[in-house]
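Please report on the structure shown here. Cover the disulfide, the sheets, the nonpolar cores and a few individual residues.

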Amino acid sequence: QVQLVESGGGLVQAGGSLRLSCAASGRTFSSSAMGWFRQAPGKEREYVSGISANGRSTYYADSVKGRFTISRDNAKNTVYLQMNSLKLEDTAVYYCAAKLTNTISGPYNYWGQGTQVTVSS
């Protein structure tokens with residue numbers, strides 16, 4: 001089992017920045033790919049970003065490329081999502097997710113409870 005706890009969400013003005021954190025426990029974090037998803041009201045869940053276990057492979061959705069950066073600290077069992085130049089359309093609940101494997105594509109197995117990010121004009 002893996003437990004994931006997100007933090008760092010909140011209210012920010014358009015153009016601002018936030019950093020989300022996800023603390024993992026329960027399984028060998030350092031061997032698992034990790035990811036961030038988001039879901040806005042009335043929309044499907046979107047795969048925002050993913051990172052391999054050693055951090056060398058990453059994925060970004062086109063909608064966030066160049067603005068968001070995913071990183072991880074395996075010593076702290078934590079994955080981060082630095083979000084810059086935030087836009088109104090980034091408003092969503094952001095979920096941290098973990099996989100049983102090291103591939104950043106394909107389905108994720110464990111999910112956090114989500115943290116709300118609201119971007120205002």
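## Disulfide

Cysteine 22 and cysteine 96 are both buried. Buried stands for under 20% relative accessible area, exposed for over 50%, and partly exposed for the range in between (1.4 Å probe, protein chains only). The two cysteines are joined in a disulfide, with S to S at 2.0 Å. The criterion is a pair of cysteine sulfur atoms within 2.5 Å. By this rule the count is one disulfide. The pair ties together distant parts of the chain: cysteine 22 sits in strand 3, cysteine 96 in strand 9, 74 residues apart. The torsion about the S-S bond of cysteine 22 and cysteine 96 is about -80°, so the disulfide is left-handed. In general, a disulfide is a covalent bond between the sulfur atoms of two cysteines.

## Basis of the model

The model is predicted: local features need pLDDT of at least 70, side-chain atom pairs count only at pLDDT 80 or more, and totals for chains, interfaces and linings use all residues. Residues are numbered from 1 along each chain as its sequence is written, and side-chain values use heavy atoms, with hydrogens and water left out.

## Sheet 1-3-8-7

Strands here are DSSP runs (E, at least two residues), and helices are H or I runs of at least four; both are numbered from the N terminus. Pairing requires at least two DSSP bridges between two strands. Four strands form an open sheet in the order 1-3-8-7, with antiparallel pairing. Strand 1 (3-7) and strand 7 are the edge strands, each pairing on one side only. On average, neighbouring strands of this sheet are turned by 15° against each other, direction ignored. Axes are lines fitted to C-alpha atoms, for helices over the stretch in contact; angles run from 0 to 180 degrees between N-to-C directions.

Strand 3 and strand 8 run antiparallel and are joined by six bridges. Here leucine 20 has leucine 81 of strand 8 as its bridge partner.

Strand 4 is mostly covered, with five of its six residues buried. Strand 4 pairs with strand 5 in the antiparallel sense over five bridges. Tryptophan 36 has serine 49 of strand 5 as its bridge partner. The hairpin of strand 4 and strand 5 has six residues between the strands, and glycine 42 takes a positive phi near 75° there. Strand 4 also pairs with strand 9, antiparallel, over six bridges. Arginine 38 stands opposite tyrosine 94 in strand 9. Glutamine 39 has valine 93 of strand 9 as its bridge partner.

What makes strand 9 largely enclosed? Five of its seven residues are buried, so strand 9 is largely enclosed by the rest of the structure. Strand 9 and strand 11 run antiparallel, joined by three bridges. Valine 93 has glutamine 116 of strand 11 as its bridge partner. Strand 9 pairs with strand 10 (residues 110-111) in the antiparallel sense over two bridges. Alanine 98 stands opposite tyrosine 110 in strand 10.

## Nonpolar cores

A nonpolar core is a set of buried Ala, Val, Leu, Ile, Met, Phe, Trp, Tyr and Cys residues joined through side-chain atoms within 4.5 Å. The largest has 29 residues; Leu4, Met34, Trp36, Val79, Leu81, Met83 and Tyr94 touch the most other members. At least two residues of this core come from each of strand 3 (18-25), strand 4 (34-39), strand 5 (46-51), strand 7 (68-73), strand 8 (78-83), strand 9 (92-98) and strand 11 (115-120). Another core, of six residues, lies apart from it; among them are Ala33, Phe37, Tyr47 and Ala97.

Leucine 81 shows the range of contacts (heavy atoms within 4.5 Å). Not counting residues up to four places away in sequence, leucine 81 touches Leu18, Arg19, Leu20, Trp36, Val48, Ser49, Phe68, Thr69, Ile70 and Tyr94.

Glycine 35 belongs to strand 4. Glycine 35 is buried, at 0% relative accessible area. Its C-alpha atom is 7.7 Å from that of tyrosine 47, twelve residues apart along the chain. Beyond neighbours within four places in sequence, glycine 35 contacts Tyr47, Ser49, Gly50, Tyr95, Cys96, Ala97 and Tyr108.

Threonine 115 is in strand 11. Threonine 115 counts as buried, at 11% relative accessibility. Neighbours within four places in sequence aside, threonine 115 contacts Glu6, Gly9, Leu20, Ala92, Val93 and Tyr94. The side chain of threonine 115 reaches the backbone nitrogen of glycine 9 at 3.3 Å.

Definitions and conventions:
A polar contact is a pair of N or O atoms within 3.5 Å; within protein, one must be able to donate a hydrogen and the other to accept it, and residues adjacent in sequence count only if both atoms are side-chain atoms.
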